[in-house]
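Work through the two exercises below with the model open. Each task is followed by a solution in steps.

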Amino acid sequence: MSESLIAKLHQLSQLYAYTSLQMHERMAAQAGLSGTDQKYLGFFITRGAMTAGELASLTGLTTGAVTGLIDRFEKKKLVSRQYNTADRRKVLIIPDTVKIMTLLKPLYKTFSSESQQLIASFSDKEKKIITAYFEKAIALMAATTESMNPVPKIKSSTPSK
């Protein structure tokens, strides 16, 4: 493969990511959410109930940021907290997937339908190539993320005594 074709594919991959961010931000705003909050709801849709610690681990957010995220979702009645009766320090975050889907599905209806039509327009051979690309790209991103050190904690600016 020529260097110029590789560069073009890299450029298109970046443009795809940027355009995806723009679209998701706009759709999230329509739902009264930030783009990242809307994407984090996806973890609840695909994985169901989880602890705040599990969500922090999945997202890479600090526990404080996850608490704020859960508070925002709870305020919109998209999730609820269920305390463990044996140990109240443990809290399970329960998504209201019906409410989440009711909020988001209408925003994605046209895009989802047109995406399915676009995919259907490719031959089976092309679909296999596209599938292979996405599987390998996802594995590469996951491995890159895993190899990186965790986000450093912000040190307090308060002088020590």
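Relative accessible area, taken with a 1.4 Å probe on protein chains only, sorts residues into buried (under 20%), exposed (over 50%) and partly exposed (in between). The model is predicted: local features need pLDDT of at least 70, side-chain atom pairs count only at pLDDT 80 or more, and totals for chains, interfaces and linings use all residues. Residues are numbered from 1 along each chain as its sequence is written, and side-chain values use heavy atoms, with hydrogens and water left out.

**Exercise 1.** Find which side chains meet Arg81 in a salt bridge, and state how accessible Arg81 is.

Solution.
1. The criterion is a side-chain nitrogen of Lys or Arg within 4 Å of a carboxyl oxygen of Asp or Glu. The count comes to 4 salt bridges.
2. Arg81 pairs with Asp71 at 2.7 Å, N to O. Arg81 lies in strand 2 (residues 79-83) and Asp71 in helix 4 (residues 63-75), so the pair ties together parts 10 residues apart in sequence. Helices (H or I, at least four residues) and strands (E, at least two) are DSSP runs, numbered from the N terminus.
3. Arg81 also forms a salt bridge with Glu74, with the closest N and O atoms 2.4 Å apart.
4. Arg81 is partly exposed at 23% relative accessibility, as are Asp71 at 37% and Glu74 at 29%.

**Exercise 2.** Describe the salt bridge between Asp124 and Lys127.

Solution.
1. The N to O distance is 3.8 Å.
2. Both residues lie in helix 6 (residues 124-147), 3 residues apart, about one turn of the helix.
3. Asp124 is exposed at 56%, whereas Lys127 is partly exposed at 27%.
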